[in-house]
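Subject: Structure for your review

Dear colleague,

Please find the structure below, with the sequence. My notes on what was found follow after it.

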Amino acid sequence: MDLLILVCHDESNKLTLNDLRKQNKSYLKSQNLKIFGQGNLHGKVKISGAKNSALVLLASSLLTNERIILENVPRLTDIEKMGNILKSLGIKLIQKNNRLEVDPKNISIKDLPYELVNGLRASFFCIGALLSKYGEAKVPLPGGCNIGLRPIDEHINGLQALGAEIIIEEGIVKARIKDETNKLRGTHIKLKCPSVGATETLIMAASLAEGRTTIENAAREPEIQDLCQMLNKMGAKIYDSGKEKIIIDGVNKLRGCTHKVIPDRIEAGTFLIAAAATSSSITISPVIPNHLEAVTNKLQESGSKITIKGNSITIKGKKIKGVDIETAPFPGFPTDLQAPFTTLMAIANGESKITETIFENRMNHVHLLNNMGANIKLNKNIASIKGVKKFKGMDLVGSDLRSSAALIIAGIIAEGTSRVYGLEHLDRGYENFESKLKILGIKITREFNKKTLTNKELKTNSDPADIPRYRAA
Ligand code: EPZ
């Protein structure tokens, strides 16, 4: 049976595509964060649940007919979109603050319009769960986004190795199990690169397959370990998650469970970097310190004092000196903190080099930082930085989730006022970001413009039209 996981509205959703088109289009120009510069942070901030864990945990609810309760789920637009995808399949979702109850027993099949699902790349990860549970799945190609082309060849190759027949027609990936038993067959898979999404897709697919699957060169991110922990609670048999080779012994059925999402290490790192950039002292919790080791090591190397106590980290920002970073798969320096760290290095003493090795187009913030007074030379994905003393505040447009965070940190450091547009990116991945910064002492407010600004009125140094027009990351 075909499970077409394209999303839009269902009766309970009341959200029509048109509403979304309208909302999305004007969002870019109708809201901005106004930031008064030269701020300092002080006090404590609570870290939310991890977006990149909650998304895949929601997808894994497709593997069971029983109720899943997720706690510590961040309130983000990406989570809302994944929720809409599940609801549009007939899955019941009840959200109470950061608690999400998912009841997949009445999953149905609907032929749904294509567009909404394209706003959420992570929806593609559902293909492994749907195929393994229902024998067939159809999912639109996720396409590229502002940070790169984001191919899915590793997902496809791995599913084919497990016994799926896959064709791609008119932008839809159509997968079905060839074997008449309607079960995938465990096998050995060696990934060409440790893709987070492909590792997650294949773990979910293998969890209900016949026999043992080993995934070599698997991604080791904490979000994958969180997924495996939850799947094992559901009755899966997964060993060595977090290592380069993961072993999955397929089972016949997975049951419901309750699971608490791990803290968001990228949000946590963003606040630590903001404190270092303003020579502030703050405490962040809850965190799992070893999820942030590469980041706290670099912050210490550049001069900040870091104290770890249980599930909290205190940073004392000192005089920051330039250090080099090169992004890498976990446990290396996370690509998702490259942009915020570039802002920090732009006002450090001395020189530094930032090398982005994961995504081909993740330096969108550099030209804006230079407009604010930074001295960064960009050669493909290598930023050579000479630290400057100050930035000047200005209007800026964030073009992806993490570069928006980098621009907000720059606005906090700058002299004068800055306005950051493109909040539809920021709101995908940072829960209550400006309220948390306000609690830490930053003067920041979200402004809602009465009317939608035109490009002309939005005099910013990076006209939104300049931003590569891919679909959302
Ligand atoms: C996940 O994306 C995260 N998203 C990203 O976070 C994160 O930056 C990324 O992992 C790397 O850590 C979610 O978890 C929802 P990948 P994913 O597959 O899975 C290549 C954020 O800001 N590749 O590990 O899409 C690919 O081109 C977002 O929160 C293939 O070649 O990332 C890239 O160069 C952004 N073939 C590299 O692997 C494939 O089939 C890493 O991509 C898949 C990936």
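An oxygen atom of the ligand lies 3.1 Å from an N or O atom in the side chain of Lys192. I list this as a polar contact, that is, a pair of N or O atoms within 3.5 Å; within protein, one must be able to donate a hydrogen and the other to accept it, and residues adjacent in sequence count only if both atoms are side-chain atoms. For Lys51, the distance from a side-chain N or O atom to an oxygen atom of the ligand is 3.0 Å. For Arg362, a polar side-chain atom is 3.2 Å from an oxygen atom of the ligand. The ligand taken alone exposes 820 Å², and the protein buries 89% of that; accessible areas come from the Shrake-Rupley method with a 1.4 Å probe, and for residues only the protein chains shown count as cover.

Please note that this is a predicted model: local features need pLDDT of at least 70 and side-chain atom pairs count only at pLDDT 80 or more, while totals for chains, interfaces and linings use all residues. Residues are numbered from 1 along each chain as its sequence is written, and side-chain values use heavy atoms, with hydrogens and water left out.

Helices (H or I, at least four residues) and strands (E, at least two) are DSSP runs, numbered from the N terminus. There are 24 residues around the ligand, and Asp153, Ser195, Val196, Asp336 and Ile358 come nearest; a residue counts as near if one of its heavy atoms lies within 4 Å of the molecule or strand in question.

Next, the aromatic side chains. The whole structure holds three aromatic pairs. Rings of Phe, Tyr and Trp (its six-membered ring) pair if their centres lie within 6.5 Å; planes under 30 degrees apart count as stacked, over 60 as edge-to-face and the rest as tilted. The pair of Phe271 and Phe433 is tilted, because the ring centres are 5.5 Å apart and the planes are at 50°. Phe271 belongs to helix H9 (residues 265-277) and Phe433 to helix H15 (residues 433-439), so the pair links distant parts of the chain, 162 residues apart. Both Phe271 and Phe433 are buried, where buried means under 20% relative accessible area, exposed over 50% and partly exposed in between (1.4 Å probe, protein chains only). Phe333 and Phe341 make an edge-to-face pair, with centres 5.3 Å apart and planes at 70°. Phe333 and Phe341 are buried as well. One aromatic cluster is formed by Phe271, Tyr430 and Phe433.

Helix H15 also holds Glu434. With a relative accessible area of 12%, Glu434 is buried, and its side chain makes a polar contact of 2.7 Å with that of Arg446. Val45, in strand S2 (residues 42-46), is buried at 6% relative accessibility. The C-alpha atoms of Val45 and Leu437 are 8.4 Å apart, although 392 residues separate them along the chain.

Last, a hairpin. Strands S15 (residues 305-309) and S16 (residues 312-316) run antiparallel and are joined by five bridges; two strands pair if DSSP finds at least two bridges between them. Lys316 in S16 is the bridge partner of Lys305. Two residues lie between the strands, and Gly310 takes a positive phi near 60°.

Regards
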